[in-house]
Each structure stands twice: as structure tokens, then as C-alpha cells.
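Okay, everyone, I've got one structure to walk you through today. Let me put it up, and then we'll start with a question.

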Amino acid sequence: MNKIKSILTVILLSPLSSVFAAGNEEILDSVMKTMIVITLLMIAFVLWLAFVYSEKNDSEGKLFLEPFRKLIAFLDRSAPLDKEQEMLLDHNYDGIRELDNRVPPWFQILFYGTIIWAAGYLINYHVIGDGQVQLNEYKYEIEQANLQREILIKSGAFINEETVSFVDDAATLSEGKEIFVKNCASCHGQNGEGLIGPNLTDDYWIHGGGIKNIFKTIKYGVPQKGMISWESQLEPKKIQAVASYIITLYGTNPPNPKAPEGELWNENKPEGNKGA
């Protein structure tokens, strides 16, 4: 069976291999099983046609349709009206007699259909497959959720004023400096010395120092002081980058610094937040 599955996979699914790349093996396996079932049904149908027409001259298709006629006759075997008297049972309930008639054809079709469906289900999920349908679906959903979580983590969607941390790699600080020069220098000076806005290089902070407070101030802004909220213009990772760059400005002693504003920031800060 494994050899047959491998051959059919190469023949039938090779054009779809690029579609199901990047680890979607369960989807590929499901499609492969479906293709195997369809192929076997097609082979059985072709063999039946070959058997019917190999020795017979059936130009009108009577032999071809005969199995279907027999099936319909088998399913619809209700008695004609003129024979109902022969089918009356001895049961009599307040003058109501019971007919020993067959079950309606639609009900028989439904009944036999459920048997066929059950057989197909049994083969697909407990013979070809492992039967762990819900467990496999659960594992697949967990894998997809983890994949989406990794994407969100990389995009910085989980970064906020409670989870943000100082980042000191060169690429992040360079990005933070670029954002600062472009958007913040007009108020805080090219070197953070302070112009309209406060000095960012000393020990005094109006809205609190440290990476979390700086991130929060950038994110929500200070409307009463004329500082806009950057939440809609900068994604969380970019706010983290510029906040981390501002941390590095502490103690740089730029020329013409603005006088200290706010309160002395003296919290016992971890490594990376010193002087923020």
C-alpha cells in the first residue's frame, strides 16, 4: 500500500507539490488519499465498461443501463393499488387496517446510503488513516496557531508598554536613530539636547524614565504639551527601536543642553536602562 501511495503521489500530485510546500504534509496526505480513492473508482468503472462491451454488441446501451434499472427496481418495489387488498394484515385498530407495504424508496436510498457512507468513512479514517481525526485537527490547529504567533512576535504585535524591553543591537539602534532624527529632532534636538521638548540626555524626566515609560510616552504622546501620539504612525517594534535609542543618549552631554525639567529619575534600573 505504501508503494502504491508513493507512485500515485508522484504521478498525480507532483504538479501540486509547490502549493503544499513549507510543511503542509497533512494537507498533502489528505489530498493523496482522496486521489487514490477517485483513481480506484475510475479503474473499477473502466473495468466494468470493458467487461460489458468486450463480448456484447450493445450499441443502444441496454446492457450499460441494465444495472441501474435493476437498482431502481430493487429500491422501488411497492405494490400496485389493485393488489392492496391482498396485502391487508389482520391487525385492526378502530377500523384502521394495516398494509404490509414496503418502505418508501427515498427512505431506502437514505438507509443504504448511510451504510455506504459508513463503509467509506471506516476505510478512510480507520484503515487508510489512523482514526485520530479530532486529535490530528487539534495538532494542525496548534501548529497553525504557533506559526501565527511567531509571525506576530516577529512583527512586534505583542510589544507594548508592559512587555517592551531595551534592545541594544546595532541594527535596532540605527533604525531608532533614523526615526528620532526624522520625527523627534525638531522638538528634542538632533542630539537629544532639548529644544521645544525636554532634554533627553540628563537625569530628569517629566513622564518617567526607563524603557517602559519612554515607550508609553511615544506611543500615546502628550497632547497637552503638543506631542502627538505615534501609535498610529509607528508600529510597536519601531517605537521600541526609537525608545532604545533614546536610552543611549543618556550622559552624552551634547552642546547647548536645555535645563533639566521634571523630576529626578532615581529608580533602581536594570542593565540597559541606566540613566533613562
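So, is Lys238 buried, exposed or partly exposed? Lys238 is partly exposed, with a relative accessible area of 28%. For those labels, buried means under 20% relative accessible area, exposed means over 50%, and partly exposed is in between, with a 1.4 Å probe and protein chains only.

Before going on, the ground rules. This is a predicted model, where local features need pLDDT of at least 70 and side-chain atom pairs count only at pLDDT 80 or more, while totals for chains, interfaces and linings use all residues. Residues are numbered from 1 along each chain as its sequence is written, and side-chain values use heavy atoms, with hydrogens and water left out.

Now the overview. The protein has 10 helices and four strands; these are DSSP runs numbered from the N terminus, with helices being H or I of at least four residues and strands being E of at least two. Reading from the N terminus, the order is α-α-α-α-β-β-α-α-α-α-β-α-α-β. Of the 276 residues in the protein, 24% are buried. As for contacts, meaning heavy atoms within 4.5 Å, take those in the protein with a separation of 6 or more: 61% of them are between residues 24 or more positions apart. The accessible surface comes to about 19,700 Å², and 59% of that belongs to carbon and sulfur atoms. Those areas come from the Shrake-Rupley method with a 1.4 Å probe, and for residues only the protein chains shown count as cover.

Back to Lys238, then. Its side chain meets that of Glu175 in a salt bridge, at 2.9 Å from N to O. Lys238 sits in helix H10 and Glu175 in helix H7, 63 residues apart, so this pair links distant parts of the chain. Glu175 also counts as partly exposed, at 28% relative accessibility. By salt bridge I mean a side-chain nitrogen of Lys or Arg within 4 Å of a carboxyl oxygen of Asp or Glu.

The structure holds three salt bridges. Another one is Lys219 with Glu161, where the closest N and O atoms are 3.1 Å apart. This pair also links distant parts of the chain, with Lys219 in helix H9 and Glu161 in the loop between helix H6 (133–155) and H7, 58 residues apart. Lys219 and Glu161 are both buried. Then there's Glu261 with Lys258, at 3.3 Å between the closest N and O atoms. Here Glu261 is partly exposed at 28%, and Lys258 is partly exposed at 25%.

Next, the core. The largest nonpolar core has 21 residues, and those with the most contacts inside it are Phe180, Trp205, Ile214, Ile218, Val242 and Ile246. A core here is a set of buried Ala, Val, Leu, Ile, Met, Phe, Trp, Tyr and Cys residues joined through side-chain atoms within 4.5 Å. Helices H7 (170–183), H9 (210–220) and H10 (236–248) each supply at least two residues of this core, and H10 gives the most, with six. Leaving out residues up to four places away in sequence, Ile218 touches Met227, Ile228, Ser229, Trp230, Ile239, Val242, Ala243 and Ile246.

What about the aromatics? A search of the whole structure finds three aromatic pairs. In one, the ring centres of Phe111 and Tyr112 are 5.5 Å apart and the planes are at 65 degrees, so that pair is edge-to-face. Phe111 is partly exposed at 45%, and Tyr112 is partly exposed at 34%. In another, Tyr121 and Tyr125 have their ring centres 4.4 Å apart and their planes at 45 degrees, so that pair is tilted. Tyr121 and Tyr125 are four residues apart in helix H5 (residues 105–128), about one helical turn. The rule is that rings of Phe, Tyr and Trp (its six-membered ring) pair if their centres lie within 6.5 Å, with planes under 30 degrees apart counted as stacked, over 60 as edge-to-face and the rest as tilted.

Last stop, the loop between H10 and strand E4 (263–264), where we find Asn253. Its phi is near 50 degrees, a positive value in a residue other than glycine, and Asn253 is exposed at 68%. Asn256 lies in the loop between H10 and E4 too, with a positive phi of about 55 degrees, and Asn256 is exposed at 70%. For context, most residues other than glycine have a negative phi.
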